[in-house]
Each structure stands twice: as C-alpha cells, then as structure tokens.
Amino acid sequence: YHHFSIVMHATRRMPWLSAGNVDYRALSRDERSRGDFGKDQWVLDERMESRYQIPKGFYDRWRRLDYGHLVRREDNCWGASADEIEFANADTFHMTNCTPQHEAFNRDAFQFSGLWGQLENLVSRQATKDSKLSRLCIFSGPVFTARKDLKIDDEEVGKVYVPLSFWKVIVAPKRRGGVGAYGFIVSQSQELQDDPPFVEDFSPGALEAHQVSLAAIESKTAVRFGSALKAVDALKTHPEHTESIALHSPADLWFGPPGA
C-alpha cells in the first residue's frame with residue numbers, strides 16, 4: 001500500500017503485522033480533515049481471496065467493535081502531491097488493515113478515552129510539534145493467543161477470535177542523533193470481559209497499557225526484530241533494567257536518560 005505494508009494471518013483473517021513510514025512534516029501534509037476525504041468506505045482487497053478477510057458485515061453486526069485501523073489513517077495521510085495523499089488515505093480503509101477493537105479501547109474522542117487512541121494521538125502530536133521528530137517508522141500488530149482471545153460466533157463468517165492486546169513499536173530520531181525504538185502493549189481485555197456480547201454499558205477506566213522492551217513483544221508474538229533495532233531499544237537505558245513500565249499518564253513514558 002502507499003507508505004505501509006501488511007502481513008495477513010490466514011486463519012484469523014486479520015493483519016498479523018503492519019510496517020509503515022510516517023511523515024508529519026507540514027510540507028508533506030495538507031489541510032484536509034478526515035471528513036474532507038468523504039465518508040469512510042471500508043473495502044475488501046481484491047488482490048486477496050475474500051475468505052482470508054473479515055467482511056464489513058461482521059463489524060456492522062457487532063457494533064461495539066470498531067473498524068480498528070492497524071495503520072492509522074492520520075499517520076498514513078501524507079505525500080508529495082494531493083493525489084498521493086488521497087491514495088494513502090484510501091489505502092488504510094482496506095479490510096486487510098482492520099482489526100476488531102472495542103470502541104472504548106480504540107477511540108480518543110467523544111465520550112471515550114481509549115488508551116490505544118491516546119497513544120496514537122500522543123505520537124502524532126509530538127511528531128507534529130517537533131520537526132526533528134516528524135519522520136517515523138511504526139510497526140504494530142495484534143497479540144494473538146491460543147485460548148484467551150474472545151471467541152465470537154458470527155452468523156455469516158463463523159468463529160472470529162478478537163485479540164485482547166495490541167503492540168506497537170515506534171522508531172524515531174533522537175535530538176542528539178541516531179534513533180530510538182519505543183515498544184508498547186495495550187490491552188482491551190477488560191472491556192471485552194465487562195461487555196459481552198457488547199450490549200451493556202461499561203466503564204473504560206480499567207484499560208492496561210505498558211511501555212515494553214522489544215524482547216517482551218517477541219516473547220508474546222511471532223515477530224522478530226533485527227539486532228540493530230533491538231540495540232536502540234529505549235528500555236535498555238532504563239536504570240532499573242526493566243522489561244515493562246505500567247503507563248498511567250504520558251509522564252510515565254521512558255524516552256532515555258535526560259537530554260537523550
């Protein structure tokens with residue numbers, strides 16, 4: 001796709017891994033809002049058999065599950081021309097880029113305060129504010145588990161296993177040169193436990209988010225990062241040599257020693 005690639009999980013019928021380049025420099029973006037591009041239109045990717053993709057009908061029936069972008073539209077909506085930006089925007093609406101995410105987990109808007117949405121918006125705000133940090137590489141994916149994922153029996157597509165957690169790795173330039181890698185795992189398990197089958201009101205306050213090492217992500221997924229990337233893992237510089245930091249606010253984030 002424009003600016004990103006997807007690896008699909010054949011039996012889960014959703015993306016297993018995404019890898020994308022992001023550019024928040026003002027010269028690469030235009031002033032159009034999400035609404036200016038028209039109504040969101042999710043489509044199957046015709047280059048892949050439909051049996052490997054979860055159709056729109058599933059999300060329309062299970063309305064508390066959002067069409068959850070793995071590669072975020074706002075991150076991908078950049079380019080050297082208006083046409084390139086238009087294509088980049090549209091590419092994120094392929095069903096191959098979609099994962100089922102509880103609305104309280106996914107959204108950082110309206111009455112919701114989803115941690116996944118908060119993390120995504122924190123990244124974009126920082127990249128927009130500081131031109132030195134505006135070009136990023138972002139990897140992300142679900143954490144698939146054999147027995148713990150929520151099973152939904154859907155009338156059209158059969159069994160769908162909803163991931164309880166998602167991971168993200170952001171590779172960003174550092175002010176003193178070089179790059180740093182910052183890993184995260186955010187859980188939506190509390191929402192899914194509180195709200196089956198998504199018909200009751202719920203409290204979104206019990207989400208769990210952690211900044212984690214790349215090794216910790218490897219231990220929970222089939223993803224393997226290169227040695228050069230793991231060498232710049234920010235948590236390697238943490239004074240407590242921890243593999244995981246519980247996040248309650250942006251102040252808990254570890255970017256490295258002061259001035260890094």
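Is Lys230 buried, partly exposed or exposed, and what is its relative accessible area? In this predicted model, local features require pLDDT of at least 70 and side-chain atom pairs count only at pLDDT 80 or more, whereas totals for chains, interfaces and linings use all residues. Residues are numbered from 1 along each chain as its sequence is written, and side-chain values use heavy atoms, with hydrogens and water left out.

Lys230 is partly exposed, with a relative accessible area of 26%; buried denotes under 20%, exposed over 50%, and partly exposed the range in between (1.4 Å probe, protein chains only). The side chain of Lys230 meets that of Glu218 in a salt bridge, at 3.2 Å from N to O. A salt bridge here is a side-chain nitrogen of Lys or Arg within 4 Å of a carboxyl oxygen of Asp or Glu. Because Lys230 belongs to helix α8 and Glu218 to helix α7, the pair ties together parts that are 12 residues apart in sequence. Helices (H or I, at least four residues) and strands (E, at least two) are DSSP runs numbered from the N terminus. Glu218 is buried, at 11% relative accessible area.

By this rule, 11 salt bridges are counted. Among them, Glu49 pairs with Arg51, with the closest N and O atoms 2.7 Å apart; Glu49 is partly exposed at 46%, while Arg51 is exposed at 53%. Another joins Asp153 to Lys159, at 3.9 Å between the closest N and O atoms. Asp153 counts as exposed at 51%, and Lys159 as partly exposed at 43%.

Aromatic rings were examined next. The structure holds seven aromatic pairs, in which rings of Phe, Tyr and Trp (its six-membered ring) have centres within 6.5 Å; planes under 30 degrees apart count as stacked, over 60 as edge-to-face and the rest as tilted. The rings of Trp167 and Phe225 have centres 5.9 Å apart and planes at 85°, so this pair is edge-to-face. Trp167 lies in strand β8 (residues 165-173) and Phe225 in the loop between α7 and α8, so that the pair links parts of the chain 58 residues apart. Both Trp167 and Phe225 are buried. Phe58 and Tyr59, also edge-to-face, lie 5.3 Å apart centre to centre, with 85° between the planes.
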